[in-house]
Every structure is written in structure tokens, then in C-alpha cells.
Amino acid sequence: MKKYITIMIIIFIFCSFISNVSARTISRNETVYVNLDDQGKVLNTEVVTWLRTDNKSPSQDLTILKNVKNVQGTDTPHLSPDGKLVFSAPVRDIFYSGTTTRNLPVTVNIRYRLNGKAVKRNMIKGKSGKLEMIIDLKNQNSVLKEFTYKEIGTGKTKVAKEKIPVPFIVMVSTDLDIGQFNNVVAPEGAFAVVGRTMKMNWISFPYPEATVKFSADIQNADIPSILFSVIPKFPPLPEMDIESKLNQIYDGVDQVGSNLVKLENGANQLNDGQQQMLDALKQVNEGTGKLIQASNAQMEIINGAIKINEGICEKMTSMTKIPFISGGATRAKHYLDIQKELLTLATQGGPFSDEILVFLKEQGKDAPPVKEFPGIKVTTDGITKLHDGSRQMIDGAKKLEDGSRQLKDGAAQIKIKGTDTIKERMAAEADPIMRKLASIEAAKQLVLKYDRFAGKPSPVKSSVEIIMKTPDGVADIK
């Protein structure tokens with residue numbers, strides 16, 4: 001019994017070893033050949049698959065094809081109901097073909113116009129006139145994909161989900177007989193003349209739709225076939241760091257907004273300072289107004305004293321003529337004259353007379369440190385000028401205060417309605433751009449996964465191209 005178990009273990013290990021060294025498919029390639037009718041509708045589809053193996057033992061593949069046959073070699077493949085295709089003999093390069101009714105990822109619709117009227121292709125043969133051919137290409141293969149992208153300015157991650165077309169580049173070509181086709185106009189096409197043949201070529205990217213067109217003057221024309229080569233690929237785009245550039249612009253606008261905040265704060269401080277200056281000028285104006293009132297009151301008092309002095313002097317003058325009191329009256333009159341001169345000097349100002357200086361000396365007083373007394377009138381005139389000047393300064397300060405307040409309010413409005421609005425609009429209007437760029441990156445990843453048309457998913461490296469052709473009398477386009 002133990003010996004039997006040992007033999008079974010050896011057989012199991014041997015079988016495991018055999019399976020490990022069984023044929024391995026290194027790579028596979030599918031070429032899809034499609035015959036189209038005059039308008040681009042699919043007539044039939046055949047796929048030729050090339051398997052490159054390690055040639056160690058019988059190979060296999062997974063496919064959805066029907067009517068499978070070996071294109072090269074006599075080994076008849078075995079196709080099981082689950083799509084497993086097995087070849088009995090080891091071969092390094094295996095080519096097999098089969099048919100399918102699977103929908104193509106890119107569809108074609110061809111329209112013809114002769115002398116401005118829509119016509120069928122068979123109505124053009126042998127005709128002359130102005131021919132227009134319009135070819136509509138539509139990408140039918142899209143995947144609902146979730147992807148992320150960054151919001152401009154904030155850097156916030158946003159999530160989007162949308163149907164993204166799997167990218168396909170379509171190369172369209174046809175050969176025109178220069179004896180039948182003249183004045184060819186194909187704005188997006190390129191051509192090369194080889195003998196009597198003008199080889200027309202277009203490269204199109206239906207994402208999801210694209211149109212190829214050309215016009216020509218025809219003479220006894222025979223419409224040639226049109227060849228379409230479709231490969232899953234995203235066209236090369238120039239490297240542009242759009243996100244970085246948009247963020248730089250956003251940061252610049254944000255910096256302007258920050259400077260406007262500083263300007264607003266500075267204008268606010270300036271406004272506060274000007275308000276304080278205005279309040280101080282108002283106090284100066286009010287104070288000088290009171291000084292003017294006080295000076296005017298002093299003037300009135302002194303003028304009243306002068307009138308009193310003049311009245312007394314008039315009586316003293318008459319008393320100086322009386323014999324017994326004339327001496328005393330004369331001295332009193334002298335003092336009254338000194339007093340009047342002092343009162344007049346106090347109001348009008350002017351130099352000190354000799355009489356006043358002698359009087360001060362008699363009274364034991366020092367001589368004044370100045371030769372002239374300014375007088376209340378001079379002081380009042382100065383205060384009045386200061387008062388009027390302060391009023392003018394108040395008016396100017398009010399204008400400055402209004403200007404600084406307008407500057408402050410203007411800076412705030414520019415920030416709120418200017419830079420802040422620009423940033424908001426920029427983020428909003430850049431969102432579709434960033435979303436589209438992210439969807440393109442997602443599409444680039446999708447196209448890497450589109451590596452087979454008739455094959456089932458497997459870890460084997462694969463590639464695919466599709467060749468479509470309209471009729472030209474040749475039955476097989478391979």
C-alpha cells in the first residue's frame with residue numbers, strides 16, 4: 001500500500017512538472033479584417049490571430065471566434081464550447097483565423113454628393129461633375145470610469161465619474177486616378193503622387209466623433225475603395241503643465257488680493273490718523289475762536305477804559321487852571337496821559353515812548369525786553385489768521401479723510417468683487433479643463449487595456465489593429 005502511494009506521488013510530481021514546462025504563449029496579435037459596403041456598413045468580419053509561443057509543447061488560446069481554422073500548417077485546432085482553443089502540435093508561430101459578428105469599436109458612415117445632390121455610390125460610376133465625399137467616424141467603445149483631479153487654487157481632490165471613450169486613431173486612405181479626379185480639396189488630408197495615382201491620407205481621432213471629407217472635379221470617374229486602419233492609441237500631445245500654469249495665475253491673483261488687504265489696512269490706519277488730525281484741527285479752530293472772542297472782549301474793555309480816561313482827563317484839564325489845586329491836578333493829568341498811552345499801546349501796539357520808560361523807571365520797574373509792544377489787535381489778527389487757516393485745514397483734512405475712506409472701501413471692493421471673484425470664477429471655469437485633462441489621463445490607461453478584439457482576457461501580452469475596406473471589385477482585402 002505504501003509503495004502504491006509513493007508511485008502516485010511520483011506520478012503527480014511528474015505531471016506537475018510536465019504542466020510547468022507546457023507551451024507558453026509569449027505574445028499574441030489580432031488583425032481584424034472588415035469588409036464594408038458603399039456606405040460603411042459592416043458586411044463581414046474575420047480575425048487573424050498570431051500566437052508567438054516557446055515551441056515546447058502544444059499551445060492554446062482563448063477566443064470568441066467561430067469557424068476557426070489554421071491559416072498556416074495542417075494542425076487542426078480544437079475549439080471547446082467555453083472558447084478554449086488547443087493546438088495538438090508545438091509550433092513557434094501559430095496563425096489562425098475565424099469570424100465574428102461582434103460590433104466594431106469604431107463605425108463608419110460614408111455619404112456622397114454629386115453636383116450638390118445626395119447620391120448612392122453606384123450612381124457616380126462613369127459620371128462627371130463636382131463630387132463631395134463625407135466620412136463620419138464614431139467611437140462606439142466607452143467605459144464608465146471614476147477618476148480624481150485637483151481643484152485649481154485649493155488643491156482639493158475632486159472625484160468625477162463619466163463615460164470615457166477608449167481612444168482609437170483612424171488612418172483613412174484612398175487612391176485617386178489623376179485622370180479622373182482634378183482640383184482635389186482635402187483641408188485636413190495629405191497626398192503623394194505616384195505615377196498617375198494621387199494617394200490621399202488622413203489621420204483622424206474620433207473622440208467620440210470625427211469627420212473626414214474631400215471634394216474634387218470628376219470625369220468619367222470610378223470611385224476607388226477606401227481603406228481604414230484603426231489602432232487603439234492616444235495621439236501624442238505636447239507636454240504642457242497646464243495645472244501648474246493655472247495655479248501660478250491663481251497664486252498671482254491671490255497675492256494681489258493679499259496686497260489689497262494690506263492696502264486696505266494701511267488706508268484704514270491712514271483714515272484713523274486723518275480723523276485724529278481732523279479732530280485736533282477742530283479743537284484748534286474752536287480754541288482760536290474762543291481766543292478771538294476773548295481778545296475782542298479785552299479790546300472792548302480797554303476801549304471803554306480809554307473813554308473813561310479821556311473823560312477824567314477832560315475834567316483834570318479844567319482843574320489844572322484852579323490856583324490851589326493846579327499842581328495836584330497837573331500831576332494827576334500826567335498819570336492819566338501815561339495810562340491812556342499804555343491802554344492805547346495795549347490795543348494798537350507800537351514802540352514804548354520815553355514818557356512810559358521814565359514812568360516805569362520812577363515806579364522802580366525794569367524797561368521792557370522789547371522795544372515794541374505787539375498789542376491786542378496784532379495778537380487778535382494773528383489768532384484770526386490761525387483760526388481761518390485751521391478752518392481751511394479742516395476742509396482739506398475732510399477731503400483727505402474722505403479720500404482715505406474711499407481708498408479703504410475701494411480696496412475692499414476690489415478684493416471682494418475683483419480678486420476674490422476672479423479666483424472663484426477661475427476655479428469654476430478651470431474645473432472643466434482639469435476634469436477633461438484627468439479624463440484624458442484615464443483614457444490613456446483605458447487604451448492600454450484594449451489589447452484584443454476577439455480574444456478573451458488573459459495575462460498574455462496582446463495587441464490588436466483593425467483594417468476596414470469598402471468594395472472595389474476585390475473580394476478579399478487581406
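Colleague: What share of the contacts in the protein chain with a separation of 6 or more comes from residues 24 or more positions apart?

Modeller: Bear in mind that this is a predicted model, where local features need pLDDT of at least 70, side-chain atom pairs count only at pLDDT 80 or more, and totals for chains, interfaces and linings use all residues. Residues are numbered from 1 along each chain as its sequence is written, and side-chain values use heavy atoms, with hydrogens and water left out. A contact means heavy atoms within 4.5 Å. Among contacts with a separation of 6 or more, the share from residues 24 or more positions apart is 73%.

Colleague: Which residues make up the covered face of strand β16?

Modeller: Strand β16 spans residues 197-204. Its uncovered face holds Thr197, Lys199, Asn201 and Ile203. That leaves the covered face to Met198, Met200, Trp202 and Ser204.

Colleague: And what is the bridge partner of Val172 in β16?

Modeller: Two strands pair if DSSP finds at least two bridges between them. Strand β13 (residues 169-177) pairs with β16 in the antiparallel sense, over eight bridges. For Val172, the partner in β16 is Trp202, a residue of the covered face.

Colleague: Which residue in the turn between β15 and β16 has a positive phi?

Modeller: Strand β15 (residues 190-194) runs antiparallel to β16, joined by five bridges, and Val193 has Met198 as its bridge partner. The two strands form a hairpin with two residues between them. In the turn, the residue with a positive phi, about 65°, is Gly195.

Colleague: Is Asn220 buried or exposed?

Modeller: Asn220 sits in the loop between β17 and β18 (226-231), and its phi is positive, about 50°, although it is not a glycine. Buried means under 20% relative accessible area, exposed over 50%, and partly exposed in between (1.4 Å probe, protein chains only). With a relative accessible area of 51%, Asn220 is exposed.

Definitions and conventions
Helix = DSSP H or I, 4+ residues; strand = E, 2+ residues; numbered from the N terminus.
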